[in-house]
Amino acid sequence: MIKVTQVASGSIADELGLKPGTELISVNGRELDDFLDWQFLTADEEFTLHIRQPDGEEIEYEIERPLTEPMGAAVEPARIRRCANRCDFCFVDGLPEGLRDVLYIRDDDYRLSFQYGNFATLTNLKPADEARIIEYRLSPLYVSVHATDPVIRRWLLRNPTAPDILEQLRRFAEHGIRFQTQIVMSPGVNDGRVMEQTLADLYAFGGPILGVSIVPVGLTEFSKHSRVREPTTEECRTAVRQLTVWQERALAERGAPWVYGADELYLRADLALPAEASYGDFEQVENGVGSVRFLQRRIREDAGLFGDWAGRRIGVVTGASMGRLMPQVMAPLEEASRARLELIVVPNGLFGPRVTTAGLLPGKSIAEALAGRSDLDLILLPGESLNDDHLFIDNMSADELAAVVPVPLRFSKDFSDALETGAAA
Ligand code: SF4
């Protein structure tokens with residue numbers, strides 16, 4: 001059973017009298033466990049829906065509707081699947097104390113992998129989950145492969161019972177499931193020859209492996225430094241050389257680069273980012289793969305949509321890693337918006353200087369960096385630094401930040417969303 005949380009006005013759910021708190025019990029006699037059941041079991045023109053209203057009344061509806069008309073009921077989020085691994089590089093171990101409880105949950109959930117592109121290891125799947133992935137054709141799935149050698153993968157995941165990932169992928173691929181995959185590169189463990197074998201195995205898989213990203217392991221002050229370390233410049237350069245050879249082969253044989261280095265890998269390698277064409281369709285941009293080239297493309301495509309910001313002073317807040325790359329984005333943005341831009345690189349006062357991503361900037365660090373900046377007309381903040389409840393990682397809310405900063409703030413993911421036509425009014 002799952003509960004309704006919201007009903008769209010005038011929708012089928014509204015006409016049926018569903019309301020927040022209505023319990024959705026079954027569809028065609030099959031019990032509902034989570035949003036996936038609701039989404040997939042109701043994806044028919046005709047079905048029987050069994051519900052219980054908040055006052056206890058149970059009702060069965062025979063639904064007939066065109067597929068183009070959505071049901072219009074949002075349901076409660078799924079209870080997150082916990083992770084069965086204990087990776088030495090786990091971000092959760094690298095968190096300081098005193099943050100929101102939810103941040104300490106190690107999630108590893110195939111449902112979120114399908115729905116939101118969260119990477120999952122597939123090590124906690126039960127037979128019923130596998131059957132469900134196949135029945136609902138949950139594709140593409142985002143999978144943390146790390147290494148295809150089962151022994152090395154178990155070592156990386158600190159999980160002696162982790163199944164053979166290639167066998168798992170094969171079973172799903174036979175049923176038409178596709179995968180975006182990642183390798184979090186832990187130096188001395190899954191780089192070098194191990195990475196070569198992993199790439200060879202994934203490439204040999206053919207079409208079902210849509211892409212592979214290589215992300216250097218990232219640690220905080222609080223991580224298990226006695227057990228894992230970050231890669232050196234030379235180790236990152238080696239990885240870039242390796243992936244470039246595979247990219248060239250994939251481009252020649254399959255017409256797409258297939259394997260991608262995270263921006264962070266090039267930064268740590270002290271190498272220039274590859275050209276836009278090297279990122280395919282930017283399928284893994286949410287994983288920090290091609291963020292700069294993606295922003296440049298968006299600015300170019302949306303150049304005509306920017307409002308008239310001529311002469312306005314706009315501060316652009318980011319973290320230290322993007323801070324090194326942002327000048328490549330600021331120049332075309334300045335040209336498109338005609339604003340005078342100032343990059344404001346904020347050090348992470350919560351995690352320490354090792355953590356440089358904009359998405360993990362605490363509100364308090366941003367507030368300190370922006371104190372007294374009444375000389376600006378507007379400040380743009382990284383949209384990914386806020387969660388769905390508009391909270392920064394340190395629990396400060398967007399409203400609390402706005403109350404202490406003397407100029408208007410806008411959260412932005414690609415600049416066009418914040419500077420589009422009419423925004424200057
Ligand atoms: S798979 Fe590893 S990194 Fe991911 S949540 Fe589990 S322990 Fe942490």
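**Before you start.** The model is predicted: local features need pLDDT of at least 70, side-chain atom pairs count only at pLDDT 80 or more, and totals for chains, interfaces and linings use all residues. Residues are numbered from 1 along each chain as its sequence is written, and side-chain values use heavy atoms, with hydrogens and water left out.

**Whole protein.** Show the cartoon. There are 15 helices and 14 strands. Helices (H or I, at least four residues) and strands (E, at least two) are DSSP runs, numbered from the N terminus. Along the principal axes, the C-alpha atoms fill a box of roughly 60 × 55 × 45 Å.

Now colour by accessibility. Of the 425 residues, 52% count as buried. Buried means under 20% relative accessible area, exposed over 50%, and partly exposed in between (1.4 Å probe, protein chains only).

**Helix 8.** Select residues 233–254. These 22 residues reach 30 Å from first C-alpha to last, close to the expected 32 Å. The expected span is 1.5 Å times one less than the number of residues. Show side chains next. Buried residues here include Glu 235, Cys 236, Leu 243 and Trp 246. Just after helix 8, pick Gly 255, with a positive phi of about 80°.

**Asn 287.** Move to the loop between helix 9 and helix 10 (291–302), where Asn 287 is found. Asn 287 counts as partly exposed because its relative accessibility is 22%. Leaving out residues up to four places away in sequence, Asn 287 touches Phe 119, Gln 182, Ser 213 and Val 215. Contact means heavy atoms within 4.5 Å. Zoom in on Ser 213: its side chain makes a polar contact of 3.2 Å with that of Asn 287. A polar contact is a pair of N or O atoms within 3.5 Å; within protein, one must be able to donate a hydrogen and the other to accept it, and residues adjacent in sequence count only if both atoms are side-chain atoms.

**Ligand.** Finish here. Select Cys 83, Asn 85, Arg 86, Cys 87, Cys 90, Arg 106, Asp 107 and Thr 121, which surround the ligand. Each has a heavy atom within 4 Å of it.
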